[in-house]
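This report describes the fold, surface and charges of one protein model.

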Amino acid sequence: LRRMNSDVVETLDTAKATKKDTTEILAKSDEHREEAAIQYEDSKLRQEDLKARQEDLKALGVENLELTALQHEESMEQTGVVANLVAKLDAKMHAIQVERQANSEH
């Protein structure tokens, strides 16, 4: 009877130790699950942030293209203005030369 009692006590002790181990494992499992959920949320936020940055960069790229086109257009207009001024200056210089030649012939 004592041996049986001893076996029962030993079995109870083993069961208590197993229950304690199981409780610790479950607690750690819950901690890991919470950590994983936090990491997942962080990851989602980072992905959303990266996506927003990509959209911003894409918008900046479009704006840069539009700005470059406007600058090119403005440059072409300035080139036209300069060409007109050069043509007028050439015409005036030619007129002055013609007038000088006419005055020197008289």
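The model is predicted, so local features need pLDDT of at least 70 and side-chain atom pairs count only at pLDDT 80 or more, while totals for chains, interfaces and linings use all residues. Residues are numbered from 1 along each chain as its sequence is written, and side-chain values use heavy atoms, with hydrogens and water left out.

**Overall form**

The C-alpha trace spans about 155 × 15 × 10 Å along its principal axes.

**Surface and charge**

Of the 106 residues, 0% count as buried (under 20% relative accessible area; exposed is over 50% and partly exposed lies in between, with a 1.4 Å probe and protein chains only). Carbon and sulfur atoms hold 58% of the accessible surface of about 10300 Å², computed by the Shrake-Rupley method with a 1.4 Å probe. There are 15 positive and 23 negative side chains, and the centres of the two sets lie 11 Å apart. Lys and Arg count as positive and Asp and Glu as negative, without His and the chain ends.

**Salt bridges**

The structure holds two salt bridges, each a side-chain nitrogen of Lys or Arg within 4 Å of a carboxyl oxygen of Asp or Glu.

| Pair | N to O distance |
|---|---|
| Arginine 33 and aspartate 30 | 2.8 Å |
| Aspartate 49 and arginine 53 | 3.3 Å |

Arginine 33 and aspartate 30 lie three residues apart in helix H1 (residues 2-105), about one turn of the helix. Arginine 33 is exposed, at 51% relative accessible area, whereas aspartate 30 is partly exposed, at 36%.

Aspartate 49 and arginine 53 also lie in helix H1, four residues apart, about one turn of the helix. Aspartate 49 is partly exposed, with a relative accessible area of 36%.

Methods
The place of a charge is taken as NZ of Lys, CZ of Arg, CG of Asp or CD of Glu. Helices (H or I, at least four residues) and strands (E, at least two) are DSSP runs, numbered from the N terminus.
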